[in-house]
Amino acid sequence: MSAAVAKLSGQGFLHHLTWLVLRLLPFVVMVFLWDFASRAFDVPVLFPGPLSTWNKAIQLIADGQLQADILISLWRITVGFVVGSLLGMTLGLMMGLSRPIADTLGPFVHTLRFIGPIAWISAVMMWFGLGETSKVILIVYTTTFVVLISTMIGVMTIHPNKLRAARVFGARGFRLFAHVTLPAALPHVLTGARLAMMNSFMTIIAAEMVAAREGLGFLIFNSRQWMEVDAIFVGMITLGLLGLLADRLMALLTRVLFRRFRPADA
Amino acid sequence: MSFIAFREVGFRYGEREDAGNSILRGLDLEISRGTFYVLLGPSGCGKTTALNLLAGFEAPRSGSVLVEGRPVQQPGMDRVVIFQGDDSLYPWLTALENVEFPLRMMGLGAAERRSRAEAWLARVGLANHAAKFPHQLSGGMKQRIQIARALVCDAPVLLMDEPFGALDAQTRTILQDELVDICAGSGATVLFITHDIAEAIILADRIGVMRAGPGSALKDEFELDLPRPRNRGSVEFAAVYDRIQRVLGEEVQKVVMREAAA
């Protein structure tokens, strides 16, 4: 019995190891290619290799600068993302539920969503200055539309038989909404939120590049002035890893909090 | 006065009547209390529309649909529907919670909801699957959930729109036999839609055959007094099948000819 258990857990360990190795492999290959390319380019200041980038990262961490930039960027994203998701969900539900509202707001929303957050940066900076407000507004803006569209589609594609059955059982008005419409649309809301998270990461960098004194976007943009390409790389890699972490965290939260409503891919 | 009555019922989509958009025209149909009524017809003849009118999902353009003499106004717990396919189940609820759903809408307390839903789940053979979600169950099991969810309401009228249409032949046969058992004791009046003659003979007290559309109505009716359970291989079964096939076959032929011409 114990031998069988040991054998099983042994296989489990091997399985986990394979899982990890396979997922790390592309990263390792990338580092080697990067190193090779950097040597071939042969101008380390313009195209530093992995090792000097690593050393720069250590230095930025020792200075406390990288942590500060990460924290401020994440804070801006979190606030904007939460507010934008709630706003997008509310508007998306309204448009999904009411044909007149969808008809009225539809063309407006579809026009506005093509004026991307980056197009708004100039105006928003002039109105709200270089402080936190302007960045958070841009994140809210970019999040809202993605969640809105996804939520609206989620409501509109609820199978009519789900609503008909509920009406047979006497559900009307708010109870129909709370017991059927909202839970049926929730997987779409979650998918939208996950996509919006990616948009938030893109927007924050653009906003911090144009007007900020701290944050990962500022780190990447400002380092250009000092020809610190290694610091630019540190900023970029940090961004990717944070994004991966945020995405996994959202998938995990979806599984734990919304297990019943999880979209097919989470 | 019959329990359920369709009187001169007309239905079409779109505002104006033209050659193609009339679904039902002058449909007269009566179902007495406690009858298992099967409506047979070629595809596209408007049988599902007739069921939707009685359920209250649609309103007739002309004529009236009456239950105990009162026109149907909207869907209600007195006319519970079992749909084709599994789209009407709630994927975020377990099998048990799906069956509890109507009771929750009725405002019953948790304990009573649970015991009544569990009893019905056991009745349809899903006692061991109460905690599973619909996507973890087979097509036949999902239709069993729908049957339990409908019967837990104790509704006087059950409306079934090809409930076994999407199932494989073996599962369908098993569920047909089970439905006969379940309905025998319930005293409910049933309107059952299908295009499968054998299914109709297994289940029905009375069978109505509809004309090919557009503008369909009832063509003929058959009273079935074969004892239950009915044997699919018996001579009597074959004789009834043959009679119905002759009536229905003509209508199916019309549909085939029209589709070939189009």
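## Questions on a predicted model

Me: In which loop of chain B is Pro229(B) found?
Reply: This is a predicted model. A cis peptide bond joins Arg228(B) and Pro229(B), with omega about -5°. Pro229(B) is found in the chain B loop between strand 10 (218–223) and helix 7 (235–261).

Me: What is the phi of Asp154(B), and is this residue buried or partly exposed?
Reply: Asp154(B) sits in the loop between helix 4 (139–151) and strand 7 (157–161) of chain B. Its phi is positive, about 55°, although Asp154(B) is not a glycine. A residue needs 20 or more other C-beta atoms within 10 Å to be buried, and 12 or fewer to be exposed. Asp154(B) has 14, so it is partly exposed.

Me: Which phi value does Glu162(B) take?
Reply: Glu162(B) is found in the loop between strand 7 and helix 5 (169–186) of chain B. With 19 other C-beta atoms within 10 Å, Glu162(B) is partly exposed. Glu162(B) is a residue other than glycine, yet its phi is positive, near 45°.

Me: Does the radius of gyration of chain B agree or disagree with that of a compact globule?
Reply: The C-alpha trace of chain B spans about 55 × 45 × 40 Å along its principal axes. With 262 residues, a compact globule would have a radius of gyration near 18 Å. Chain B has 19 Å, so the two agree.

Me: Of the contacts in chain B between residues at least 6 apart in sequence, what share joins residues at least 24 apart?
Reply: Chain B has seven helices and ten strands. Of its 262 residues, 43% count as buried. Among the contacts in question, the share that joins residues at least 24 apart is 70%.

Me: Which strands are at the edges of the four-stranded open sheet in chain B?
Reply: The order of this sheet is 2-1-4-5, and the pairing is antiparallel. An edge strand here pairs on one side only. That describes strand 2 (22–31) and strand 5 (70–71) of chain B.

Me: What angle does helix 1 of chain B make with strand 1 of chain B?
Reply: Strand 1 (residues 4–12) and strand 2 of chain B pair in the antiparallel sense over six bridges. Arg12(B) stands opposite Ser22(B) there. Helix 1 (residues 47–55) of chain B packs on the sheet and touches strand 1, strand 2 and strand 4 (62–67) of chain B. The direction of helix 1 of chain B makes an angle with that of strand 1 of chain B of about 115°.

Me: Which strands of the six-stranded open sheet in chain B have a single partner strand?
Reply: The strand order is 6-7-8-3-9-10, with mixed pairing.

Me: Which residue in strand 8 of chain B is the bridge partner of Tyr37(B)?
Reply: Strand 3 (residues 36–40) and strand 8 (residues 189–194) of chain B run parallel. Five bridges join them. The partner of Tyr37(B) is Leu191(B).

Me: Which residues touch the most other members of the largest nonpolar core?
Reply: That core has 126 residues. Leu54(B) touches Ile4(B), Val65(B) and Leu191(B), among others, not counting residues up to four places away in sequence. The residues with the most core partners are Leu54(B) and Leu159(B).

Me: Against which helices do the buried residues of helix 9 of chain A pack?
Reply: In helix 9 (residues 216–225) of chain A, the buried residues include Leu216(A), Phe218(A) and Ile220(A). Just after helix 9 of chain A, Met227(A) takes a positive phi of about 55°. The buried residues of helix 9 pack against helix 3 (65–97), helix 8 (173–210) and helix 10 (229–257) of chain A.

Me: How many residues does helix 7 of chain A give to the side that touches chain B?
Reply: The contact takes 13 residues from chain A and 16 residues from chain B. By class, the chain A side has six nonpolar, three polar and four charged residues. Helix 7 (residues 160–168) of chain A gives the largest share, six residues.

Notes: Residues are numbered from 1 along each chain as its sequence is written. Chains are lettered from A and ligands numbered from 1 in the order in which they are written. This is a predicted model: local features need pLDDT of at least 70, side-chain atom pairs count only at pLDDT 80 or more; totals for chains, interfaces and linings use all residues. Helices (H or I, at least four residues) and strands (E, at least two) are DSSP runs, numbered from the N terminus. Two residues are in contact if their C-beta atoms, placed from the backbone, lie within 7 Å. Ala, Val, Leu, Ile, Met, Phe, Trp, Tyr, Cys and Pro count as nonpolar, Asp, Glu, Lys and Arg as charged, and the others, Gly among them, as polar. A nonpolar core is a set of buried Ala, Val, Leu, Ile, Met, Phe, Trp, Tyr and Cys residues joined through C-beta atoms within 7 Å. The radius of gyration is taken over C-alpha atoms; the globule rule is 2.2 Å times the number of residues to the power 0.38. Two strands pair if DSSP finds at least two bridges between them. Axes are lines fitted to C-alpha atoms, for helices over the stretch in contact, and angles run from 0 to 180 degrees between N-to-C directions.
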